[in-house]
Amino acid sequence: MLDPNLFRYNIDYVSQILKKRNFILNKKLINELEKKRKKLQIKIEKLQIEKKDKSNNLIKKKANYFDCLKTQINKINDELSVLKLKLIDVKKNIKNIYDTIPNIPSDDVPYGKNSKDNKEIKKWGKILFYDFPIKDHVELGLLNNGIDLKSGIILSGSKFIVMRGLIAYLHRILIQFMLDLHVFYHNYEEIYVPYIVKNKTLYGTGQLPKFSDDIFHVKPIKYYDKNKYSLIPTAEVPLTNIVYNKIIKENELPIKFVAHSPCFRSEVGSYGRYNKGLIRTHQFDKVELVQLVRPEDSSKTLEVITQHAEKVLKLLELPYRKMLLCTGDMGFSSSKTYDLEVWFPSKKKYYEVSSCSNMSDFQSRRIKARYKTKKNENIFIHTLNGSGLAVGRTLAAIMENYQLKDGSIKIPNILKPYMKKSSFNIK
């Protein structure tokens, strides 16, 4: 959520900036509602002052004035009740509009309409040449009896997958490796989070109300439970909300969380993209990084959190590129985002395996997360998050980049210490 004062005092600036995000701000409606809000608040304040004066005079007046003053006070109370209800309704309408407005992009975010306008920052790693026909990760998974597409469809439907044997084992090892790296090398605190959260938690990080169709919603088991629940689309949601409505001491910042979790997404509108195998599924695993910092530290922290995600790819020796997303392709809550895209030999293309974003104070305003400065001021913290990494896509990239002529899969050197058994078809 953006600072409401931006709309009250600088709406033309906000409107121009949001146009770069292909978002048209309804300035006329916002101005009308803000005028109504201000007018109602002034009326309420005047009536409250009048009521206070009459209440103070009530005990000073003689009996013949008492009933008259009491009647006047009751009339004021009735008028206040009506005005307060109107004000609540106006504020609700304003909030409903504000909830749909995306974050303002940082000044260094390039203007663009879609992913074609993203800016390549760098490439890393050597793309290998293969002297044999390249197989994609699905073919390799079938060949090694590690990907079971049919069972996934039978059990749950399309875009669900069953992994077995070597592939399931590598999947588990990748999670362990990523967590170890971020906990012991990058000094994050490991967190285990719920996979089902209240919808107010999803609102706090910006998934609701805008992206309701992309989320798997859960019906409460107990009929008297009025809370609405959903499966998490990313561990970013519960991790960030750990500081919901908290005031943190300045010396406690930065706070660094890491969590592994499954992620559940309906992937509405994803048809036509590369959907095979582990690339785009309704359920996938991810290791998520979250940092909570002072506003003056967030720009630098975005570079750091992106480097932490890059470290995973470097240690796995997977070719990748770093992309700065343009205004038209960045996420709803983000002010600046880097995507890390790993090379897939079978498609001769890069695919996103990590997204690292600076949310500025957009999320913290929603969850009322602040820190107390040395001057005793309460300031909204800045929140950042990054995939470190998406496990399934990383596994698919390893399978393709490390494939051998006979269809077996070579294990990256960094993962070999994690291999406990030698009965698999590994080199």
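Visitor: Why is Glu79 called partly exposed?
Guide: Glu79 has 41% relative accessibility. Buried means under 20% relative accessible area, exposed means over 50%, and partly exposed is in between, with a 1.4 Å probe and protein chains only. So Glu79, at 41%, counts as partly exposed. One caution: this is a predicted model, where local features need pLDDT of at least 70, side-chain atom pairs count only at pLDDT 80 or more, and totals for chains, interfaces and linings use all residues. Residues are numbered from 1 along each chain as its sequence is written, and side-chain values use heavy atoms, with hydrogens and water left out.

Visitor: What makes Glu79 part of a negative patch?
Guide: Glu79 gathers with Glu50, Asp53 and Asp78 on the surface. Patches take residues with over 30% relative accessible area and no salt bridge, and like charges are joined within 9 Å; for nonpolar side chains (Val, Leu, Ile, Met, Phe, Trp, Tyr) the limit is 5 Å. Asp and Glu count as negative, so the patch of these four residues is a negative one.

Visitor: Which helices supply the patch?
Guide: Helix H3 (27-58) and helix H4 (63-98) each supply at least two of its residues. Glu79 sits in helix H4. Helices here are DSSP runs (H or I, at least four residues), strands are too (E, at least two), and both are numbered from the N terminus.

Visitor: How do you know that Arg164 and Asp148 form a salt bridge?
Guide: Their closest N and O atoms are 3.2 Å apart. A salt bridge needs a side-chain nitrogen of Lys or Arg within 4 Å of a carboxyl oxygen of Asp or Glu, so this pair qualifies. The two lie 16 residues apart, with Asp148 in strand S2 (residues 147-148) and Arg164 in the loop between strand S3 (162-163) and helix H7 (165-185).

Visitor: Are those two partners buried or exposed, or in between?
Guide: Asp148 has 14% relative accessibility, so it counts as buried. Arg164 has 47%, so it counts as partly exposed.

Visitor: What makes Glu288 and Lys286 a buried pair?
Guide: Glu288 has a relative accessible area of 2%, so it is buried, and Lys286, at 6%, counts as buried too. Their side chains meet in a salt bridge at 2.5 Å, N to O.

Visitor: Why is helix H12 called mostly covered?
Guide: In H12 (residues 391-401), 11 of its 11 residues are buried. Among them are Arg393 and Glu400.

Notes. Areas by Shrake-Rupley, 256 points an atom, 1.4 Å probe, with all protein chains shown as cover. Charge placed at Lys NZ, Arg CZ, Asp CG, Glu CD.
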